[in-house]
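Colleague: Hi! Could you walk me through this one while I have it open on my screen?

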Amino acid sequence: MSSFDYDVIVCGVGTAGQTAAAFAAKRGARVLAVDIASGIGGNTGRSTGQMSAAGTRLQKERDIHDTPDLHYDDIMRISHGTADATMVRLAVDNAADTMHWLIDNELELLPEMPVIFKGHEPYQIARTYWGPDRGGKPLQKVLGTQFMKAVESGGVTLMLETEVEDLVQEADGRVGGVVLKAKDGEQKTVSAPNVLLSMGGFASNSDLFPKYSNGYPLFKGGPSFSSHPHANGRGHELGEQAGGYVRYQDYFLPTFGRVKDPADPSYVSFVTRVTTVSLQGPRPLWEIFVNWEGKRFVSEDSDSPDEKELGLKTIPDLTFWAIYDQRAREESICIFTDMTHEEADPLFNSHESFKQADTLENLAAAMGVNEAGLAETVGRYNGFVEQGKDDDFGRSHLPAPISKGPYYGIKHHGLSITSFAGLAVNENLELIREDGSAIPGLYGAGECLGLGATSGKAFCGGMALMPAMTFGRLLGDKIWQW
Ligand SMILES: Cc1cc2nc3c(=O)[nH]c(=O)nc-3n(C[C@H](O)[C@H](O)[C@H](O)COP(=O)(O)OP(=O)(O)OC[C@H]3O[C@@H](n4cnc5c(N)ncnc54)[C@H](O)[C@@H]3O)c2cc1C
């Protein structure tokens with residue numbers, strides 16, 4: 001009989017934690033699953049549920065030839081070779097089995113799946129899958145059902161509203177338990193030979209975000225498009241305290257171009273259609289985008305999300321202004337997602353992100369953008385319109401000069417809903433120290449490892465959820481011993 005209280009302690013019952021616990025319990029482990037929230041699921045149900053997997057039954061049924069090697073190559077192409085080779089191999093080689101497990105457990109998918117999704121830099125092969133109702137909910141239905149079955153069968157003990165406060169570490173570095181704190185403040189220490197950090201990322205923690213993102217600030221999404229409030233990086237900190245280290249801080253990438261919400265400026269949302277392709281369909285851009293110096297920084301109508309995200313990263317505060325004139329207002333497809341120009345008018349010069357002026361100089365002053373820089377940029381851009389060629393960024397849609405007042409500026413920011421930096425692990429998903437040695441007993445999965453591990457310095461579609469579940473499955477099904 002083991003002297004440990006449990007065989008496995010799962011710290012955080014989100015995408016990775018639910019999967020790991022369900023598989024470990026199926027193999028007979030005594031699992032303790034702890035979450036600070038009042039319910040299970042973490043970000044799973046909040047997400048858009050996009051997963052990528054190669055070599056699946058669904059692909060074969062549609063004569064789509066795909067293999068883990070091709071998936072691997074595509075991730076390395078999109079991430080410019082920056083994704084972690086070991087982590088990506090582990091994820092893509094085992095993704096199809098995870099997908100089949102989900103399908104066998106009645107995952108609901110949209111009938112056209114898999115597809116090539118273009119919201120992120122697209123894969124070359126249709127290997128992205130998601131379900132109805134924004135995708136995350138049907139996925140959580142499967143994970144939640146499997147997890148709760150394990151709870152009901154007695155394999156998993158679930159403790160909600162309980163914080164993982166600390167790790168218990170022996171003098172030799174081995175982790176053998178955790179310190180828990182209940183809602184009423186009561187502390188408890190429990191032991192296990194396997195402890196999983198599956199506490200997600202730090203995309204809800206504005207204070208910690210710059211530390212793990214090379215100084216870049218956090219612009220959060222609104223209630224319907226943001227990380228849950230407990231994504232505060234505690235798992236990262238606990239891993240570091242145990243001797244592990246956080247990598248990929250420099251991989252940070254924002255999602256391009258959101259505006260402070262007109263109703264609640266504490267978060268940014270999809271107010272404008274500056275991403276060329278949006279849910280409402282394509283929109284040829286008439287605006288130019290400028291930084292605080294009044295300089296353009298990217299081809300505004302580039303089809304490459306990656307190019308735009310990397311362009312935005314050249315601006316330290318991830319903030320830019322979209323500039324247009326009266327002619328664009330009259331002749332282009334409306335820039336707003338769900339307002340007319342007339343409905344948006346009251347926002348101008350009353351909301352910090354919406355400025356209007358009769359001259360470009362006055363617009364620059366109102367925005368706080370360098371006046372001379374903006375004048376020079378607009379003059380240069382108008383010259384490109386006249387010659388039909390953008391010598392600076394290769395923009396192809398050059399419909400009209402920006403020359404007819406009044407002029408408009410809308411402030412945009414880079415949104416973050418995920419965390420690129422994460423704890424370093426080896427191929428057994430054990431946390432490692434900077435010298436490469438493993439910290440026995442301590443494992444990581446999901447966003448604790450950082451999106452950078454499986455997606456590199458880019459957004460590779462479906463490479464957060466699928467690896468989180470796959471790594472959880474591998475730990476529960478094979479890796480852990482007790
Ligand atoms: C809006 C949105 C859309 C997304 N869309 C996609 C997508 O389409 N495809 C994709 O691949 N990825 C997507 N993602 C990312 C993906 O959802 C996450 O990376 C993934 O869900 C993270 O799983 P996880 O298990 O690491 O953490 P989570 O699911 O975040 O779970 C972590 C759990 O740990 C708990 N916890 C935190 N701290 C403590 C503590 N101290 N003590 C106890 N418990 C704690 C939390 O309460 C939470 O339940 C999206 C994310 C968001 C926010």
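Modeller: Happy to, and keep in mind that this is a predicted model. Take strand E9 (residues 194-197) and strand E21 (residues 438-444): they run parallel and are joined by three bridges.

Colleague: Which residue stands opposite Val 195?

Modeller: That would be Leu 442 in E21.

Colleague: And what sheet do these strands sit in? What's the order?

Modeller: The sheet is open and has six strands, in the order E5-E2-E1-E9-E21-E20, with mixed pairing. At its edges are strand E5 (156-159) and strand E20 (430-432); each has a single partner strand, so one side of each has no neighbour in the sheet. From one strand to the next, the twist averages 30 degrees.

Colleague: Which helix packs on that sheet?

Modeller: Helix H7 (residues 234-241) does, touching strand E1 (8-11), E9, E20 and E21. The direction of H7 makes about 135 degrees with that of E9.

Colleague: Which residues in H7 are buried?

Modeller: Arg 234, Gly 235, His 236, Leu 238 and Gly 239 are buried in H7. Following the helix comes Gly 243, with a positive phi near 110 degrees.

Colleague: OK, new topic. What about the sheet with E6, how is that one put together?

Modeller: That open sheet has three strands in the order E6-E7-E8, and the pairing is antiparallel. Strand E6 (162-169) and strand E8 (187-191) are at the edges with a single partner strand each, so each has one side left without a neighbour in the sheet. Here the twist averages 25 degrees between one strand and the next.

Colleague: How many bridges join E6 to E7?

Modeller: Seven bridges join E6 to strand E7 (residues 175-182). If you want a pair to find on screen, Val 168 stands opposite Gly 177 in E7.

Colleague: Now the ligand, please. How many residues surround the ligand, and which are the closest?

Modeller: There are 41 residues around the ligand, and the closest are Gly 12, Gly 14, Gly 42, Gly 200 and Gly 446. The elements giving two or more residues to this shell are helix H1 (15-26), E6 and helix H14 (465-479).

Colleague: Which of them gives the most?

Modeller: H1 does, with three residues.

Colleague: And how many of the shell residues are nonpolar, polar or charged?

Modeller: The shell around the ligand has 16 nonpolar, 20 polar and five charged residues.

Colleague: Zooming out, what does the domain assignment give?

Modeller: The assignment gives domain 1 (8-204 + 418-479) and domain 2 (256-415) in the protein chain. Their centres, taken over C-alpha atoms, are 38 Å apart.

Colleague: How many residues does the contact take from each domain?

Modeller: Seven residues from domain 1 and four residues from domain 2. On the domain 1 side, the residues touching domain 2 are three nonpolar, two polar and two charged.

Colleague: Last one: where is Phe 270?

Modeller: Phe 270 lies in the loop between strand E12 (268-269) and strand E13 (277-278).

Colleague: Is Phe 270 buried or exposed, and why?

Modeller: Phe 270 is buried, because 20 other C-beta atoms lie within 10 Å, and 20 or more is what counts as buried. Leaving out residues up to four places away in sequence, Phe 270 touches Arg 258 and Thr 337.

Colleague: How far apart are Phe 270 and Ser 38?

Modeller: They are 29 Å apart in space, C-alpha to C-alpha, and 232 residues apart in sequence.

Methods
Residues are numbered from 1 along each chain as its sequence is written. This is a predicted model: local features need pLDDT of at least 70, side-chain atom pairs count only at pLDDT 80 or more; totals for chains, interfaces and linings use all residues. Two strands pair if DSSP finds at least two bridges between them. Helices (H or I, at least four residues) and strands (E, at least two) are DSSP runs, numbered from the N terminus. Axes are lines fitted to C-alpha atoms, for helices over the stretch in contact, and angles run from 0 to 180 degrees between N-to-C directions. Two residues are in contact if their C-beta atoms, placed from the backbone, lie within 7 Å. A residue is near a molecule or strand if its C-beta atom, placed from the backbone, lies within 6 Å of it. Ala, Val, Leu, Ile, Met, Phe, Trp, Tyr, Cys and Pro count as nonpolar, Asp, Glu, Lys and Arg as charged, and the others, Gly among them, as polar. Domain bounds come from an automatic or database domain assignment. A residue is buried if 20 or more other C-beta atoms lie within 10 Å of its own, exposed if 12 or fewer, and partly exposed in between; C-beta atoms are placed from the backbone.
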